[in-house]
Every structure is written in structure tokens, then in C-alpha cells.
Amino acid sequence: MKLSLFVVVLVIVSGINIPSAAGQSKPSQEGTILTVSKQDVATPALRAGANPDHAPLQAHYFLYNVSVQFNCDIYVGRYESESDDLPDALSPNNHVPVRITKKVMYLDFPGEPLRMEIVRHEVSQVDACGQTGSAKQ
């Protein structure tokens, strides 16, 4: 009795697809980079009026906000880098292969995909899509 119940449960579980694994295998589609903005970040922040000679060492990194239009949607992804030198492919008006998951945007460049956290999503303004824009966060 216990063995047959175990076999039934095993058959049911093995027939179920795991959504997270299925979501990662989505094919990429073409998107267009609209804008790229850079911000130099230093941590920890230096207090106003503090003596720089007595301040702790700061780590510098760069935040890039990259907006990509994909179909009628515009996604803004945030990319962090220790270098202020971005690949040439991350330039406005370039066409890039894009995969979107729930909170992450992947730009599928040859080699390793570039992973960005999605910080904003909006529908593009009235254009070829024929829709009005609205922001989502």
C-alpha cells in the first residue's frame, strides 16, 4: 500500500514543470537601447564639513541606468560596475537581444549575458503601439 502511494506521488511530481527553470529558457527578442545614464557612487558617503584626511577609505563604483524599448514597453535596468568603461554595444539606438523575467532584464550579448535589475517599466507614449503611456514600478 505504501509503495503504490509512493509511486503515484512520484509520477505526479515528475510530470509537473518547474516554472523557474522554464522561465530562464525564454528566447531573447530584439530591443532598442534608448538612453544610458551613469552615476559615480562612493561609499561610505563623506559627511559635509568632514576633514577628508580623517575620513575612511571610500569604495567607488558606477551605476548605469539603461532604458530599453522592447515591443511597446520601455524597461529601465540598473547595472553596477567597478569600471566606468561600458561596452560599445550599450549605446543609444543599438539593437540588442533582450530577455525579460519578473524583476530582471538580460541583454544577451555574445559570451555572457548582461544582467540588470529592472527599476522601472512603462508603456511607451502614443506611437506605433497606439497606446497612452503609464508608469509601473
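The model is predicted, so local features need pLDDT of at least 70 and side-chain atom pairs count only at pLDDT 80 or more, while totals for chains, interfaces and linings use all residues. Residues are numbered from 1 along each chain as its sequence is written, and side-chain values use heavy atoms, with hydrogens and water left out.

Start inside. The largest nonpolar core has 19 residues. Such a core is a set of buried Ala, Val, Leu, Ile, Met, Phe, Trp, Tyr and Cys residues joined through side-chain atoms within 4.5 Å. Buried means under 20% relative accessible area, exposed means over 50%, and partly exposed lies in between (1.4 Å probe, protein chains only). The residues with the most contacts inside this core are Val-68, Leu-90, Val-98, Met-105, Leu-107 and Met-116. At least two core residues come from each of strand 2 (59-70), strand 3 (73-81), strand 4 (95-100), strand 5 (104-107) and strand 6 (114-123). Strand 2 gives the most, with 5 residues. Strands (E, at least two residues) and helices (H or I, at least four) are DSSP runs, numbered from the N terminus.

What does Val-98 touch, leaving aside its neighbours within four places in sequence? Its contacts are Ser-28, Gln-29, Gly-31, Val-68, Phe-70, Met-105, Tyr-106 and Leu-107. Contact here means heavy atoms within 4.5 Å.

Next comes Arg-99, which lies in strand 4. Is Arg-99 buried or exposed? Its relative accessible area is 14%, so Arg-99 is buried. Its side chain makes a polar contact of 2.8 Å with the side chain of Asp-108. A polar contact is a pair of N or O atoms within 3.5 Å; within protein, one must be able to donate a hydrogen and the other to accept it, and residues adjacent in sequence count only if both atoms are side-chain atoms. Arg-99 and Asp-108 also form a salt bridge, with the closest N and O atoms 2.8 Å apart.

Side chains of opposite charge can pair when their charged atoms come close. How many salt bridges does a search of the whole structure find? It finds 2. The rule asks for a side-chain nitrogen of Lys or Arg within 4 Å of a carboxyl oxygen of Asp or Glu. Besides the bridge between Arg-99 and Asp-108, Arg-120 pairs with Glu-122, the closest N and O atoms being 3.5 Å apart. Arg-120 is partly exposed, at 35% relative accessible area. Glu-122 is partly exposed as well, at 24%.

Turn to the aromatic rings. The count comes to 1 aromatic pair. Tyr-64 and Tyr-79 form this tilted pair, 6.1 Å centre to centre with 35° between the planes. Tyr-64 lies in strand 2 and Tyr-79 in strand 3, so the pair ties together parts that are 15 residues apart in sequence. Rings of Phe, Tyr and Trp (its six-membered ring) pair if their centres lie within 6.5 Å; planes under 30 degrees apart count as stacked, over 60 as edge-to-face and the rest as tilted. Tyr-64 is buried at 2% relative accessibility, and Tyr-79 is buried at 17%.

Strand 2 also holds Tyr-61. Tyr-61 is partly exposed, at 24% relative accessibility. The C-alpha atoms of Tyr-61 and Asp-40 are separated by 6.2 Å, though the residues are 21 apart along the chain.

Strand 1 (residues 29-43) contains Thr-32. Thr-32 and Asn-94 are 62 residues apart in sequence, yet 5.7 Å apart C-alpha to C-alpha.

Finish in the loops. Most residues other than glycine have a negative phi. Asn-71 has a positive phi of about 60°. It sits in the loop between strand 2 and strand 3 and is exposed at 55% relative accessibility. Asn-93 has a positive phi too, near 75°. Its place is the loop between strand 3 and strand 4. Asn-93 is exposed, with a relative accessible area of 61%.
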